Amino acid sequence: MEENTVGRFAPSPSGRMHLGNVFCALMAWLAARAEGGRMLLRVEDLDQERCPRKYADLLEEDLLWLGLSWEEGGSRGGRHGPYYQSERTAVYQSCLEQLQGMGLVYPCFCSRAELHAAQAPHLSDGRVLYSGRCRRLTPEERAALAAQRRPAIRLMVPEETVAFTDLCYGEYRENLQQECGDFLIRRSDGVFAYQLAVTADDALMGVTQVVRGRDLLSSTPRQLYLYRLLGLRPPVFGHIPLLLAPDGRRLSKRDGDLDLGALRLRFTPEQLLGKLAFAGGLLEREEPVTAEELIPLFSWEKLPRQDIRLPAGLWG
């Protein structure tokens with residue numbers, strides 16, 4: 001048992017939590033508690049227009065209703081605060097300046113349309129691989145473009161393969177230059193990008209275990225590269241399968257029948273947790289259960305590796 005384990009749940013409160021968010025919160029909570037660890041709640045509200053504080057407050061209420069408590073973060077505060085990313089700009093700016101001092105960043109003037117143009121390199125999963133176009137600009141070209149458009153900031157990546165062992169999916173590797181490309185660390189509107197913010201925050205808040213959806217698996221090599229550049233200690237990572245709607249699409253906060261507002265009218269916390277635990281392979285049959293009762297049942301080996309498609313009608 002790892003008594004020093006610090007897990008975290010780090011949602012972006014752009015609306016009411018949906019069932020997929022709850023599944024991620026539950027698995028992150030169980031993974032930490034199964035090791036005798038603590039939980040931290042961080043609110044990833046970098047885009048304040050999309051993430052008003054009212055949704056962060058509602059998220060805390062929903063977590064407590066489910067029995068998913070935390071020791072540090074959110075409105076509770078703690079010694080590693082602030083816990084709202086919108087209040088941590090100075091932290092990210094310091095990291096950016098550190099990378100600038102290494103000569104590893106450059107301004108990018110590409111528009112969204114240019115990035116997604118037909119001739120842009122695309123990976124097999126549809127992601128766009130940045131061509132490095134603005135890395136090659138001369139100082140004169142950069143000055144001319146800067147007079148017309150505020151640039152984003154990109155981090156140069158080397159021709160290097162970064163590998164790690166995921167707690168759920170095993171060994172994962174990615175060549176940064178061939179499968180990622182130079183990536184954003186600050187948007188053109190001045191908002192710091194997810195990759196830099198999450199790396200700095202997890203390290204500086206003492207997080208040792210990150211549990212999140214498998215859609216973020218490919219982000220991990222970029223973050224491990226940032227950990228190394230910034231001299232920070234990385235956590236261990238466990239990516240979990242996604243919950244899918246009956247038609248196979250990813251769940252969204254636009255799916256009102258699957259958000260906590262609707263679900264709390266239909267189920268008790270124990271019923272909802274039991275359904276999620278059964279879907280995640282922790283229970284052999286669907287039955288009401290508390291979060292505390294699930295702690296000794298958690299195991300990475302039990303989790304399915306394929307995404308989990310919800311049955312039509314959400315269990316009736």
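Predicted model: local features only at pLDDT ≥ 70, side-chain atom pairs only at ≥ 80, totals over all residues.
How do the residues of the lining of the largest cavity divide into nonpolar, polar and charged? Residues are numbered from 1 along each chain as its sequence is written, and side-chain values use heavy atoms, with hydrogens and water left out.

**Stop 1: the cavity**

Select Phe9, Ala25, Trp29, Met39, Leu40, Leu41, Leu63, Leu68, Ser69 and Trp70, which line the largest cavity. This lining comprises nine nonpolar residues, one polar and no charged (Ala, Val, Leu, Ile, Met, Phe, Trp, Tyr, Cys and Pro count as nonpolar, Asp, Glu, Lys and Arg as charged, and the others, Gly among them, as polar). On a 1 Å grid over the protein atoms alone, a cavity is a set of points where a 1.4 Å probe fits but cannot get out; lining residues have an atom within 4 Å of a point. The space in the largest cavity is about 70 Å³, and the structure holds one cavity of 30 Å³ or more. A volume is the space filled by probe spheres set on the points, which are joined across faces, edges and corners. Strand β2 contributes the most to the lining, with three residues. Helices (H or I, at least four residues) and strands (E, at least two) are DSSP runs, numbered from the N terminus.

**Stop 2: phenylalanine 9 and the core**

Beyond its neighbours within four places in sequence, phenylalanine 9 is in contact (heavy atoms within 4.5 Å) with residues including Met17, Asn21, Cys24, Leu59 and Leu63. Phe9, Met27, Leu30 and Leu63 touch the most other members of the largest nonpolar core, which has 46 residues. Such a core is a set of buried Ala, Val, Leu, Ile, Met, Phe, Trp, Tyr and Cys residues joined through side-chain atoms within 4.5 Å; buried means under 20% relative accessible area (1.4 Å probe, protein chains only), exposed over 50%, and partly exposed in between. Helix α1 provides the largest share of this core, twelve residues.

**Stop 3: histidine 239**

Move to strand β10 (residues 236–240), where histidine 239 is found. Histidine 239 is buried, with a relative accessible area of 0%. Its side chain makes a polar contact of 3.3 Å with that of threonine 220, and reaches the backbone oxygen of leucine 216 at 3.5 Å. A polar contact is a pair of N or O atoms within 3.5 Å; within protein, one must be able to donate a hydrogen and the other to accept it, and residues adjacent in sequence count only if both atoms are side-chain atoms.

**Stop 4: lysine 275**

Lysine 275 is buried, at 8% relative accessible area.

**Stop 5: arginine 88**

Finally, select arginine 88, in the loop between β3 (72–73) and α3 (89–101). Arginine 88 is buried, with a relative accessible area of 4%. A polar atom of the arginine 88 side chain lies 3.5 Å from the backbone oxygen of histidine 80. Leaving out residues up to four places away in sequence, arginine 88 touches His80, Gly81, Pro82, Asp201, Leu204 and Met205.

Notes:
1 Å grid on protein atoms, 1.4 Å probe; cavity = no way out; pocket = protein on both sides within 12 Å on 5 of 7 lines; lining within 4 Å.
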